[in-house]
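Dear colleague,

I am handing over the structure below, and after it I set out what was found when it was examined. Please read the notes with the coordinates open beside them.

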Amino acid sequence: MKDYSGVWVYAEHDGNAISRSTLEIMGKGRELASRLGVELSVVLFGYGVSDLVETLIEYGADNVYVSDDERLKYYKTLNYAKLLTELIRRHRPEIVLFAASYKGRDLAPRVAASLRTGLTANCIDLDIGDFEDREKGERFEKILYQIVPAYGGNVVATIITPYHRPQIATVRPGNFQVPEKFPGKGKVFQINFGSEDWDDDVEVLEVERDEEDSKLEKARVIVGVGVGARGSEGVKILKRLAEALGGTLGATRPVVDAGLLPHECMIGETGKVVRPELYLACGISGAAHHMIGVRGAKVIIAINKDPKSPICEAADYIVIGDIFEVVPKLLEKLGKHGDAL
Amino acid sequence: MKQVTEMNIIVLIKQVPDPREYVRIREDGTLDREKTRGLINDCDKSALEAALRLKERYGCRVTAISMGPPKAEDALREALAMGIDDAVLISDRRARGSDTLATSYVLYKAIEKLGKFDLIICGAESSDGGTAQVGPELAEFLGIPQATFVEDFEVEGNHILLRRRMDGGHEKLRLAMPALITVLKEINKPRTTTFSGILRAMNMPISIWSLEDIGAEVDKVGLSGSPTKIMKIEKVNLRRRKILIEGDNVEEKVNNLLRILREEGVLSEVV
Ligand SMILES: Cc1cc2nc3c(=O)[nH]c(=O)nc-3n(C[C@H](O)[C@H](O)[C@H](O)COP(=O)(O)OP(=O)(O)OC[C@H]3O[C@@H](n4cnc5c(N)ncnc54)[C@H](O)[C@@H]3O)c2cc1C
Ligand SMILES: Cc1cc2nc3c(=O)[nH]c(=O)nc-3n(C[C@H](O)[C@H](O)[C@H](O)COP(=O)(O)OP(=O)(O)OC[C@H]3O[C@@H](n4cnc5c(N)ncnc54)[C@H](O)[C@@H]3O)c2cc1C
């Protein structure tokens, strides 16, 4: 295990830009790498992606392993997994991090199983620490603490992979800030692979881009819509409020399940993790399932008519009142005295 | 080209605690599932439904496999009542606490024992562990192609045509069988069991296999055989400042709210 060293991040992109979640993870990866005194390396696969190498270096990559190949134009699980697994076998990083995106969650388990190592899913935080296995009398120094929400968000579990390398985790997008630029050493390695490794059992017939990149992750202000909004009438006024504040709408699960807002708006353990400047929770009871997704908000304000609602413990400021009275009044004042702020 | 009628489909189902019930967490961080009511995981029900629709159309044979405590037999009994042909439960105390690698290893050994299959359908993720890792890890053990987060699929000769959710959109893929897919619950609306189905299922056998039966190595399963370990569990602190915004009426409260927004500087760039 001693000969495993370095922190790796698998880079996701849409062909034009490195994805935000990758940059977030690189920020954390950089921090872990300096605490371990090792290098941060990033793996980039695709076709026509050489331009993206620069971004990776700007955000702290000491090494970039790039494979720019026409056959990698489309993401194909088997080929990507094979290539990445081989690279990991050759260079032996101690930590490999993926975004917990659809792609990351498709690829990482394939790689982890091939390497017969552990994989921790959907981490909301990562840390370095020690561990003593009293049963076996073993001590581990500077291993990866992988922190995940468990059992409905009321508790978090710290998961470790002490006896296997690499330690692999997928990280929930939205948990870390995109770091300041901090150029790494920036050595670039071109990776080639033979055609005998190529697998054609899967054919990509069509790629549909039907969602614009979600606004939630970037929003400075999010107005959260809860069951208290009582249907589309409430959604309408909260949408106006979000617009007036230059923000966007988020929602709790029941609101999304009822079809009032699209799935991309859902915040929480099974939805998105966001970190706006302001989260304005309207008619939301404050279940841990939901609140775990707004932990990173700078300020949380709740508007709720029930002073006993759990959100009153989990907010910075609370307005006790009916959203159908408070919000229209707020809109009126924002409209009339727009410069009042 | 193989006739679709000869197809063997395996569906993986996990019994999960009813999310509406309180579940005790053991010292070692695993769930005490003994006392809670178990349900078939949501998307696994959709996986069963998808397999049954293929069976109705083409006459394939559908086998459900579950790994879990003895009472996971209830989940398999329900699957039989829905209309599947065979059910296998892998139940062994030594498998308790298995992580996803250990779980997929056990399922792999069981599938190896079953022999031939063309398509494996899993749920996309469980409602309790929720890692979405078991399907892809199993596919890797078996060395077959996979597609995850599938929203729609059909069989075409030796291939599966499917539409899957992807970051920023969707993708349409064609997979050569044998293959493994994991389906989202939105893929269909699972049938409910009928009285006659329940009666029929009561008399159907469920194979119960131990680790020895499937030839699984004991040191690769259970808490000790799992590479990931739960080191500790802590309560999350979600508490904040909880300052009440005062006011005798809505007007005053809103004025105070606006003042606070300004003081906090969170809206400085707005308006
Ligand atoms: C496994 C699992 C995972 C889950 N994951 C998520 C998740 O990721 N995200 C998520 O959001 N939920 C999730 N949930 C659901 C979660 O547990 C809660 O049920 C949900 O967050 C509650 O939504 P809510 O606050 O909108 O509704 P409610 O709990 O019904 O609260 C409504 C609130 O509105 C207030 N109210 C009503 N009328 C008004 C009014 N006119 N003016 C002001 N206030 C009013 C009420 O006082 C109440 O506090 C999950 C549940 C499970 C079991
Ligand atoms: C809070 C919590 C966090 C966890 N985190 C991790 C982690 O980070 N890494 C890790 O390796 N393990 C983790 N585990 C352990 C993991 O949940 C178990 O290994 C579990 O048995 C399988 O994983 P899953 O529930 O996540 O299933 P998923 O991978 O989400 O399930 C996907 C599909 O696989 C099939 N499937 C899953 N389990 C079975 C089964 N027992 N029998 C038949 N089919 C099945 C079903 O079709 C299911 O829909 C965690 C457990 C808990 C409770």
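In chain A, strand β12 (residues 221–225) runs parallel to β13(A), the two being joined over 4 bridges. Within this pairing, A:Gly224 has A:Gly250 of β13(A) as its bridge partner. Please keep in mind throughout that this is a predicted model.

The pairing belongs to an open sheet of 6 strands, which follow one another in the order β13(A)-β12(A)-β14(A)-β15(A)-β16(A)-β13(B), with parallel pairing. The edges are taken by β13 (248–251) of chain A and by β13 of chain B, and because each has a single partner strand, one side of each is left without a neighbour in the sheet.

A further pairing between the chains is antiparallel: strand β8 (residues 155–160) of chain A and β12(B) are linked over 6 bridges. There, A:Ile159 lies opposite B:Ile230 of β12(B).

Of the area that chain B buries against chain A, 10% is supplied by B:Met231, B:Leu238 and B:Arg240, which is more than any other three residues supply.

As for polar interactions, there are 12 salt bridges between chain B and chain A, and 40 residue pairs are in polar contact, counting pairs with both residues at pLDDT 80 or more. One of the salt bridges joins B:Arg241 to A:Asp316, with 3.1 Å between the closest N and O atoms.

A:Asp62 sits in the loop between α2 (52–58) and β3 (63–68) of chain A. Its relative accessible area is 4%, so A:Asp62 counts as buried, the limit being under 20%. Apart from neighbours within four places in sequence, A:Asp62 is in contact with A:Arg30, A:Glu39, A:Leu40, A:Gly184, A:Lys185, A:Gly186 and A:Lys187.

A:Pro183 belongs to the loop between β9 (167–171) and β10 (187–190) of chain A, and with 61% relative accessibility A:Pro183 counts as exposed. If residues up to four places away in sequence are not counted, A:Pro183 touches A:Ile57, A:Glu58 and A:Gly60. The C-alpha atoms of A:Pro183 and A:Glu54 are 9.6 Å apart, although the two residues are 129 residues apart in sequence.

In chain B, B:His159 is placed in strand β8 and is partly exposed, at 27% relative accessibility. Leaving aside neighbours within four places in sequence, the contacts of B:His159 are with B:Glu154, B:Arg174, B:Leu175, B:Ala176 and B:Met177. From B:His159 to B:Leu12, which lies 147 residues away along the chain, the C-alpha separation is 20 Å.

How values were computed: Residues are numbered from 1 along each chain as its sequence is written. Chains are lettered from A and ligands numbered from 1 in the order in which they are written. This is a predicted model: local features need pLDDT of at least 70, side-chain atom pairs count only at pLDDT 80 or more; totals for chains, interfaces and linings use all residues. Side-chain values use heavy atoms; hydrogens and water are left out. Buried area is the accessible area (1.4 Å probe) that two parts lose on being put together, summed over both. A salt bridge is a side-chain nitrogen of Lys or Arg within 4 Å of a carboxyl oxygen of Asp or Glu. A polar contact is a pair of N or O atoms within 3.5 Å; within protein, one must be able to donate a hydrogen and the other to accept it, and residues adjacent in sequence count only if both atoms are side-chain atoms. Two strands pair if DSSP finds at least two bridges between them. Buried means under 20% relative accessible area, exposed over 50%, partly exposed in between (1.4 Å probe, protein chains only). Contact means heavy atoms within 4.5 Å.
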